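Thanks for coming. I will go through one protein chain today, from the overall fold down to a few single residues.

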Amino acid sequence: MTVGRFPLTRLRRNRQDRFTRRLVAENSLSIDDLIWPIFVMEGSNSVTDVASMPGVQRVTLDRLAAHVETAARLDIPALALFPITPSEVRDEAGTEALNPDNLMCRAARLLKKEFPDMGLIGDVALDPYTNHGHDGIIENGYVVNDKSVDILKVQATNQAAAGIDIIAPSDMMDGRIEAIRRDLDENGLINTRIMSYAAKYASAFYGPFRDALGSGGLLKGDKKTYQMDPANSDEALREVETDLLEGADMVMVKPGMPYLDIIRRVRDSFSVPTFAYQVSGEYAMLMAAIQNGWLDHERAVMESLLAFKRAGANGILTYFAIEAAQRIKAQ
Ligand code: PBG
């Protein structure tokens with residue numbers, strides 16, 4: 001640490017003009033850091049707004065290429081896909097997750113064909129497909145671990161076979177990374193990457209996402225028996241270590257802004273590619289204040305994203321990806 005003493009040392013000198021501020025900046029946000037989560041739905045020729053996420057839309061597959069074109073033109077490296085499953089297709093066991101022709105797999109095939117260079121990230125968990133909104137299957141009121149993992153690994157392999165480049169298990173079952181890795185490898189998919197939602201908390205900030213998916217109203221109880229307790233931080237390091245030993249290529253911390261301390265600890269402890277998910281509730285919170293004129297749109301959004309870089313994230317999943325990329329490009 002460099003020490004200095006006033007008046008010889010004046011820290012404001014390096015802040016006095018833009019060129020110096022640019023030279024001494026320790027962190028920066030680039031388009032390379034952005035991952036755009038998108039919602040796809042069944043039907044045709046339709047785009048609908050997510051009420052609790054102003055500016056975020058769900059699109060049908062025939063509109064998907066046009067939707068993604070903007071991201072491709074901005075050279076955003078990757079998309080995270082989330083399917084909306086109609087309630088009549090959902091069941092107790094999330095059977096539709098195993099359909100190799102489900103919405104997620106169809107979207108992946110379409111996007112790989114239209115945008116071969118765009119990275120595709122597939123969420124692996126049963127909540128889009130279950131009629132109870134949980135990420136695994138339930139026995140006697142409890143989300144059972146090992147039987148859920150047996151389903152999740154097939155879901156993952158189906159997605160990879162359909163063109164998903166990065167499998168992102170968000171279910172928080174124990175042992176799922178190893179089971180998925182082995183299943184992918186046995187099916188010859190040795191280069192499919194795994195971005196583990198390693199430290200995923202049982203958070204209040206997923207509310208608007210569940211609205212977007214239509215799983216909010218369905219969810220019985222909460223996810224506290226599998227997602228992490230917001231009180232814990234050492235446990236996040238155990239989760240990350242376990243997932244790395246099981247074969248994860250990259251890890252994620254989720255939510256983002258309330259968990260910047262976790263990102264920093266993970267990065268310092270493991271020095272592995274670490275991602276942050278600025279989740280739906282964080283987006284909703286910022287947009288609500290922006291729409292009320294209480295926060296400056298550009299400054300609030302860009303500051304929130306830069307904070308992830310400062311905390312040590314290599315990349316950020318954010319619903320602001322498109323506008324952030326546009327602003328970076330315009331600089
Ligand atoms: C599902 C999943 C969730 C999110 C991503 N994958 C919701 C949940 O765990 O209930 C949340 C994303 C967001 O809030 O933006 N397993």
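The protein chain has 11 helices and 12 strands; helices (H or I, at least four residues) and strands (E, at least two) are DSSP runs, numbered from the N terminus. The radius of gyration is 20 Å, close to the 20 Å that the globule rule gives for 331 residues, so the chain is as compact as a globular protein of that length. That radius is taken over C-alpha atoms, and the globule rule is 2.2 Å times the number of residues to the power 0.38. Along its principal axes the C-alpha trace spans about 70 × 45 × 40 Å.

Before the details, two notes. This is a predicted model, in which local features need pLDDT of at least 70 and side-chain atom pairs count only at pLDDT 80 or more, while totals for chains, interfaces and linings use all residues. Residues are numbered from 1 along each chain as its sequence is written.

Now the interior. Buried residues make up 44% of the 331 residues. A residue is buried if 20 or more other C-beta atoms lie within 10 Å of its own, exposed if 12 or fewer, and partly exposed in between, with C-beta atoms placed from the backbone. The largest nonpolar core has 92 residues, and those with the most contacts inside it are Val40, Leu79, Leu81, Ala108, Ile263 and Ile316. Strand S1 (residues 34-41) gives the largest share of this core, 7 residues. By nonpolar core I mean a set of buried Ala, Val, Leu, Ile, Met, Phe, Trp, Tyr and Cys residues joined through C-beta atoms within 7 Å.

Which residues does Leu79 touch, leaving aside its neighbours within four places in sequence? They are Trp36, Ile38, Val68, Ala71, Met118, Leu120 and Ile121. Two residues are in contact if their C-beta atoms, placed from the backbone, lie within 7 Å.

Next, the ligand. Around the ligand are Asp123, Ala125, Asp127, Asp135, Ser170, Asp171, Tyr206, Phe209, Arg210, Val279 and Ser280, each with its C-beta atom, placed from the backbone, within 6 Å of it. This shell has 4 nonpolar, 2 polar and 5 charged residues. Here Ala, Val, Leu, Ile, Met, Phe, Trp, Tyr, Cys and Pro count as nonpolar, Asp, Glu, Lys and Arg as charged, and the others, Gly among them, as polar.

Ser280 also belongs to the buried residues of H9, which are Ser280, Gly281, Glu282, Tyr283, Ala284 and Met287. Their cover includes helix H6 (207-213) and strand S11 (274-278).

Last, the backbone. Most residues other than glycine have a negative phi, and most peptide bonds are trans. Met172 has a positive phi near 65 degrees, in the loop between strand S8 (166-169) and helix H5 (176-186). Ser271 has a positive phi near 50 degrees, in the loop between H8 and S11. Which of the two is buried, and which exposed? Met172 counts as buried because 25 C-beta neighbours lie inside 10 Å. Ser271 is exposed, with 9 other C-beta atoms within 10 Å.

There are also cis peptide bonds to point out. One runs from Phe6 to Pro7, with omega near 5 degrees, and Pro7 is in the segment before helix H1 (18-24). Another runs from Lys254 to Pro255, with omega near -5 degrees, and Pro255 lies in the loop between strand S10 (250-254) and helix H8 (260-270).
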